[in-house]
Amino acid sequence: MIMDKQEFRKRAHQVVDWMADYMEQKAHYRVTPEVQPGDIFGQLPNQAPEQPESFDDIFEDFKEVILPGMTHWQHPAFFGYFPANNSEPSILAEMLMSTLGAQCMSWLTSPAATELEEKVINWLRDAKGLDASWKGVIQDTASTATLCALLAARERASGFSINAEGFSGQENYRVYSSEHAHSSVDKATRIAGLGLANLVKIPVDEDFKMLPEALEEAILADLENGFTPICVVSALGTTSSGAIDPIEAIGKIAHRHSLWHHIDAAYAGTALLLPEFRWMIKGHELADSYVFNPHKWMFTNFDCSVLFIKNAEAFIHTFSMTPEYLKTTQDDHVHNYRDWGIQLGRRFRALKLWMVIRSFGLEGIREKLRHHLALTKMAKKRVEIEDNLIIEAPTDLNVICFRFVEKSLSTTVLNALNQAWLQRVNQTGRVFFTHTVLDGKYVIRWVIGQTDVLQEHIDLAWTVLMEELEKVKAALL
Ligand SMILES: *Cc1c(COP(=O)(O)O)cnc(C)c1O
């Protein structure tokens with residue numbers, strides 16, 4: 001029987017009960033599954049069913065086949081990558097969004113969605129201390145937002161001629177980022193047709209922050225050699241270590257040479273909700289765009305990325321296309337967000353931001369962020385007092401990069417040991433960390449920002465780390 005409205009009501013209640021159970025019990029799962037490649041694929045039928053199947057059967061398979069193959073990103077002992085947090089109000093908003101199933105490409109296709117988007121973006125802009133004249137748009141991911149910024153930079157530099165006529169072959173455009181910038185900058189440079197060879201990676205200082213003098217030198221050298229610098233992407237919180245590039249110094253250089261300055265604050269941008277972190281954004285008024293992901297540290301379900309733009313008109317000029325069938329009589333008076341990015345169709349993401357902000361209150365969000373930062377301080381102390389553990393990068397926020405060291409051992413041996421340590425820790429399934437490499441050293445990244453992380457999960461992480469370190473030392477030393 002195909003699901004009718006009555007059956008939907010019954011099953012929706014059943015699913016919601018499961019969801020509430022999951023939220024209560026998520027810490028009891030392994031963080032990562034014990035599966036081998038192909039395990040799930042092999043359990044699924046090779047052909048789609050011809051006949052309707054019962055929801056009981058489908059839900060049973062969800063629990064028995066799918067769930068055991070999931071990584072539990074909402075597990076409070078998930079310390080890897082950056083979190084992709086959800087929260088109860090955000091989940092409820094996703095339910096409402098999917099029920100309405102609205103496609104929010106223009107004002108007319110859902111006036112409330114457009115106007116709510118504009119309002120919550122203004123709320124966030126003001127709560128983060130960003131310039132009050134800036135406008136914004138919600139996009140799927142920071143990768144898309146950075147690509148959009150790069151495309152707008154390209155069009156501004158070319159007088160919108162590449163959109164119109166394609167590359168002439170004479171352009172010698174250059175883009176700059178620190179050597180620790182996220183790979184999405186490399187990807188955007190490729191996709192924007194600028195060529196990866198024209199992305200100039202600027203060296204960093206001992207804290208992994210971009211060296212502004214080196215940026216200026218690179219720009220001057222490029223000008224000398226006939227290149228046209230068009231854009232610099234600074235990182236407000238690198239993915240490797242959370243390093244904060246000097247926004248103001250970079251902004252002044254960009255301004256002096258008429259470069260588009262895009263700030264990638266994908267993860268750390270949420271910290272601007274705390275007045276004590278506003279120093280990070282000092283000088284941003286000179287920049288052109290800024291992106292951060294509420295879907296990382298702001299308790300809003302993936303996907304939800306907010307791009308703020310200083311001059312929305314030039315930005316929109318890069319993307320707007322209005323074929324006859326999309327024209328509406330309100331076009332002169334409203335935002336049509338389809339013109340603020342790549343995709344035409346858009347999800348109603350503003351609803352989850354609205355529900356998260358109202359349910360927590362800005363103060364509630366700040367409280368959670370401060371809690372995570374306090375847990376990070378405690379965790380950091382534990383690492384610091386161990387003779388053989390070293391923190392290899394500043395911990396401005398809640399990313400701790402550490403490793404085991406022993407004077408008599410070479411970097412190569414230590415790298416292998418730390419890698420083996422991380423593997424053992426993750427194999428327990430009780431916690432989950434990821435790694436990075438800083439100056440050739442393999443380090444474990446401990447990101448303390450999951451929505452529901454508590455002291456007890458820090459204690460658990462520490463116990464597992466110490467137990468497995470003893471074992472790996474016994475095995476390898
Ligand atoms: C996570 C991250 C990104 C990519 O974010 P997506 O939304 O997944 O595209 C880009 N830059 C930085 C600094 C990040 O931490």
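1. Surface patch. Leu 44, Ile 66 and Met 70 make a nonpolar surface patch of about 230 Å². This is a predicted model. Met 70 sits in the loop between helix H3 (55-66) and helix H4 (88-100). Its relative accessible area is 40%, so Met 70 is partly exposed.

2. Helix H6. This helix covers residues 142-158, which is 17 residues. From the first C-alpha to the last, H6 reaches 24 Å, close to the 24 Å expected at 1.5 Å a residue. How many of the 17 residues of H6 are buried? The count is 14, and H6 is mostly covered. Just after H6 comes Gly 159, with a positive phi of about 65°.

3. A residue within H6. Leu 147 belongs to helix H6. Buried or exposed? Leu 147 counts as buried, because its relative accessibility is 10% and the cut-off for buried is under 20%. Leu 147 and Ser 184 are 37 residues apart in sequence. In space, the C-alpha atoms of Leu 147 and Ser 184 are 8.0 Å apart.

4. Strand S4. Ile 230 is part of strand S4 (residues 228-235). Ile 230 is buried, with a relative accessible area of 3%. Check its distance to Ala 153 on the model. The sequence separation of Ile 230 and Ala 153 is 77 residues. Their C-alpha atoms are 6.3 Å apart in space.

5. The largest pocket. The space in the largest pocket comes to about 650 Å³. Its lining has 21 residues, and the closest to the pocket centre are Trp 18, Met 19, Tyr 22, Asn 86 and Ile 91. Which helices each supply at least two residues of this lining? Helix H1 (5-25), H3 and H4 do. H1 gives the most, with seven residues.

6. Cavities. The structure holds three cavities of 30 Å³ or more. In the largest cavity there is about 80 Å³ of space. The residues that line the largest cavity include Val 137, Ile 138, Gln 139 and Asp 140. Tyr 337, Arg 338, Trp 340, Gly 341, Ile 342 and Gln 343 are also among the lining residues of the largest cavity. So are Arg 346 and Arg 349 part of that lining.

7. Salt bridges, overall count. The count comes to 29 salt bridges. Side chains of opposite charge can pair when their charged atoms come close. The next points take individual pairs.

8. Arg 125 with Asp 126. The side chains of Arg 125 and Asp 126 meet in a salt bridge, at 3.0 Å from N to O. Arg 125 is buried, with a relative accessible area of 10%. Asp 126 is partly exposed, with a relative accessible area of 45%.

9. Arg 347 with Asp 303. Here the salt bridge between the side chains of Arg 347 and Asp 303 is 3.1 Å, N to O. Which parts does the pair of Arg 347 and Asp 303 tie together? Arg 347 lies in the loop between helix H12 (312-319) and helix H13 (350-385). Asp 303 lies in the loop between helix H11 (294-297) and strand S7 (305-309). The pair therefore ties together parts that are 44 residues apart in sequence. Arg 347 counts as partly exposed, at 33% relative accessibility. Asp 303 is buried, with a relative accessible area of 13%.

10. A network. Arg 347 and Asp 303 are also among the residues linked in a network of salt bridges. Glu 94, Arg 349 and Lys 352 are in this network as well. Arg 349 is also one of the residues that line the largest cavity.

11. Arg 382 with Asp 459. The side chains of Arg 382 and Asp 459 meet in a salt bridge of 2.8 Å, N to O. The pair links distant parts of the chain: Arg 382 is in helix H13, and Asp 459 is in helix H15 (residues 455-476). Arg 382 and Asp 459 are 77 residues apart. Are these two residues buried or partly exposed? Arg 382 is partly exposed, with a relative accessible area of 25%. Asp 459 counts as partly exposed, at 29% relative accessibility.

Technical notes. Residues are numbered from 1 along each chain as its sequence is written. This is a predicted model: local features need pLDDT of at least 70, side-chain atom pairs count only at pLDDT 80 or more; totals for chains, interfaces and linings use all residues. Side-chain values use heavy atoms; hydrogens and water are left out. Patches are made of residues with over 30% relative accessible area and no salt bridge: like charges are joined within 9 Å, nonpolar side chains (Val, Leu, Ile, Met, Phe, Trp, Tyr) within 5 Å. Accessible areas come from the Shrake-Rupley method with a 1.4 Å probe; for residues, only the protein chains shown count as cover. A salt bridge is a side-chain nitrogen of Lys or Arg within 4 Å of a carboxyl oxygen of Asp or Glu. Helices (H or I, at least four residues) and strands (E, at least two) are DSSP runs, numbered from the N terminus. Buried means under 20% relative accessible area, exposed over 50%, partly exposed in between (1.4 Å probe, protein chains only). The expected span of a helix is 1.5 Å times one less than its number of residues. On a 1 Å grid over the protein atoms alone, a cavity is a set of points where a 1.4 Å probe fits but cannot get out, and a pocket is an open set with protein on both sides within 12 Å along at least five of seven lines; lining residues have an atom within 4 Å of a point. Grid points are joined across faces, edges and corners, and a volume is the space filled by probe spheres set on the points.
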